[in-house]
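Trainee: I'd like to go through this one with you and learn where the labels come from. Can we take it term by term?

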Amino acid sequence: MRSPWLNKLSVIVGPRPPVSWLLLCFVSVLALIAVFGSSSSNSFDSVTSTPVPEIYTNYRRLKEQAAVDYFELRTLSLGASRQREFGLCGKERENYVPCYNVTANLLSGFKDGEEFDRHCEVSRQGKWCLVRPPKDYKIALRWPAGKDVIWSGNVKITKDQFLSSGSMTKRMMLLEENQIAFHSEDGLIFDGVKDYSRQIAEMMGLGSDSEFFQAGVRTVLDIGCGFGSFGAHLVSLKLMALCIAAYEATGSQVQLALERGLPAMIGNFISRQLPYPSLSFDMVHCAQCGIVWDQKEGMFLIEVDRLLKPGGYFVSTSPTSKPHGSATGTKKRNMLTPLVQFTEKICWSLIAQQDETFIWQKTADAHCYSSRKQNDIPLCKEGYDAPYYQALMPCITGTSSKRWIPIQNRSSSSHLSSAELEVHGVSPDDFFEDLQVWELALKNYWSLLTPLIFSDHPKRPGDEDPLPPFNMVRNVMDMNAHYGGLNAAFLEEKKSVWVMNVVPVRARNTLPLILDRGFPGVLHDWCEPFPTYPRTYDMLHANGLLSHLTSERCGLMDLFVEMDRILRPEGWVVLSDKLGAIELARAHATQVRWDARVIDLQNGSDQRLLVCQKPFVKK
């Protein structure tokens, strides 16, 4: 059946218009599209640079639709490059992690373990597609239940892999029909995690592990964290425990820990520094983490020394086979001697040893390094601290830093003192103003995290509607964290959420300040994929990141595809930026199939919020 407008056209020009007439019409339409496209481009340029008048009070939804219409018209003018929703990746990419392609790394010449390291320069971007969830994927349970029980279909570990694992793993995990239960009382070397944690505290001279905080231990880097049971216990003690482990194609420690909602990311000791600055952690913990610490001339221990704050602790638990008779003591001494000799060269003291657990403490006296023998480990050059996946360095760093403050002398809260802020070059007024801004922003954000925002309901920040439950999200990635103000606001609001504070490598490096506040954080280049597994964050937040990246070498579409990879189904995205960047972001959000809505802050500025939710695509 012919459409009405075709019937009208037939009346005007006749049933069979001449071919020349049709050709003329076609050329005219092309000319009009070219003119319209050019003027549209100029209009967009002016939108991004000219302040927008405050006319949104009653016409916001109309403006939002106009923005959508604009991009649809702009897309039409581009013809063959028309924007469409991306398709889903193949089943083989359900647990895809970019930059960890061992085969490609080997072909590129990496060897001696480096083929298992992160090499984004080897990975090649193919056709854009969206990583799909596994067939049996289910939305994660909310905390606190979700910390100890996960859906087995959400992670890449099979029943056969579980049954073939060691006895320690079986004691830690109970595999039921479609769930994995983690027993925090079982499975970490001793009778239970609590007993193990209490033993470490007693070896440090404390009465119990509840005194870790008073002893200056607030942040712990847990290397090769198993499935996160030790970290989960430390979180219950109000400590920040960040798990790192090497990339694993199946049965990944990091994937399982993140599925429990615990802080974790991919990282390993092979050839490169970890993406944290010097003097970052109060304790580094390794329980059967598989690292031979005295290999590579002690480079791994030097990296731990770089990460440890003055007075910090290195805890190593490495059970060995127990020979019969007197050979046991001899074997222990032979294994321990090289470590003791090397740690003395880097000013560590072995303060306790019990069973298979050894605890060293890093010196709090920077003068110790200048009083050593001349042939000991040298000091790095003044000002050296570029830890974004640089090669491991055979020198000691941090001794001349203004941040050389023993952990026992630091603030015990996230509100740093004026003297500590001065070390970071931050004024107290600026710092506390930032906190107030984020406390207000979080209240507005939280009121928006409801599907009502995508309906005809005229939702605005702060409107009185039923708020989402306090434990709706377990973890948040702040992709441009600045001072960690959003993290602090979550704490002030007593939300059961931890935040991964990401500092872009080309932004001002505020990561030392974030870590000194006791928050988890990392340096990252957003032109590269983030070192985590798919579907590992409940919420992504970025303030000003889009404008920052427009001057970078990477495209925003790559960023949105990566954000979709690491966001859980039904997870949320909150972007705050200038109007032009937000309008462009909304077009990208449509391509990755997110529900999206622009929110006018109504404060007279050109700042806008883009609130998105990722759908649960079951295919």
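**Rings, core and sheet**

Mentor: Start with Tyr483, which counts as buried because its relative accessibility is 1%, and buried means under 20% relative accessible area, exposed over 50%, partly exposed in between (1.4 Å probe, protein chains only). Keep in mind that this is a predicted model, where local features need pLDDT of at least 70, side-chain atom pairs count only at pLDDT 80 or more, and totals for chains, interfaces and linings use all residues. Residues are numbered from 1 along each chain as its sequence is written, and side-chain values use heavy atoms, with hydrogens and water left out.

Trainee: Why does Phe431 count as buried?

Mentor: Phe431 has 1% relative accessibility, so it counts as buried too.

Trainee: Why is the pair of Phe431 and Tyr483 called tilted?

Mentor: Rings of Phe, Tyr and Trp (its six-membered ring) pair if their centres lie within 6.5 Å; planes under 30 degrees apart count as stacked, over 60 as edge-to-face and the rest as tilted. Here the centres are 6.3 Å apart and the planes are at 40°, so the pair is tilted. The structure holds 21 aromatic pairs.

Trainee: What makes Phe431 and Tyr483 a link between distant parts of the chain?

Mentor: They are 52 residues apart, with Phe431 in helix α14 (residues 428-448) and Tyr483 in the loop between β11 (475-478) and α15 (485-492). Helices (H or I, at least four residues) and strands (E, at least two) are DSSP runs, numbered from the N terminus.

Trainee: How do you know that the charged end of Lys138 sits over the ring of Trp151?

Mentor: The test is NZ of Lys or CZ of Arg within 6 Å of the ring centre and within 35 degrees of the ring normal. The charged end of Lys138 is 4.8 Å from the centre of the Trp151 ring. Lys147 does likewise over Trp143, at 5.8 Å.

Trainee: Which residues touch the most other members of the largest nonpolar core?

Mentor: Leu221, Tyr276, Trp293, Phe314 and Leu575, in a core of 89 residues. A nonpolar core is a set of buried Ala, Val, Leu, Ile, Met, Phe, Trp, Tyr and Cys residues joined through side-chain atoms within 4.5 Å. Helix α18 (residues 556-566) gives the largest share, seven residues.

Trainee: What makes β13 and β16 edge strands?

Mentor: β13 (521-524) and β16 (595-600) each pair on one side only, where pairing takes at least two DSSP bridges between two strands. The open sheet has mixed pairing and runs β13-β12-β11-β14-β15-β17-β16. Six bridges join β16 to the antiparallel β17 (residues 607-613).
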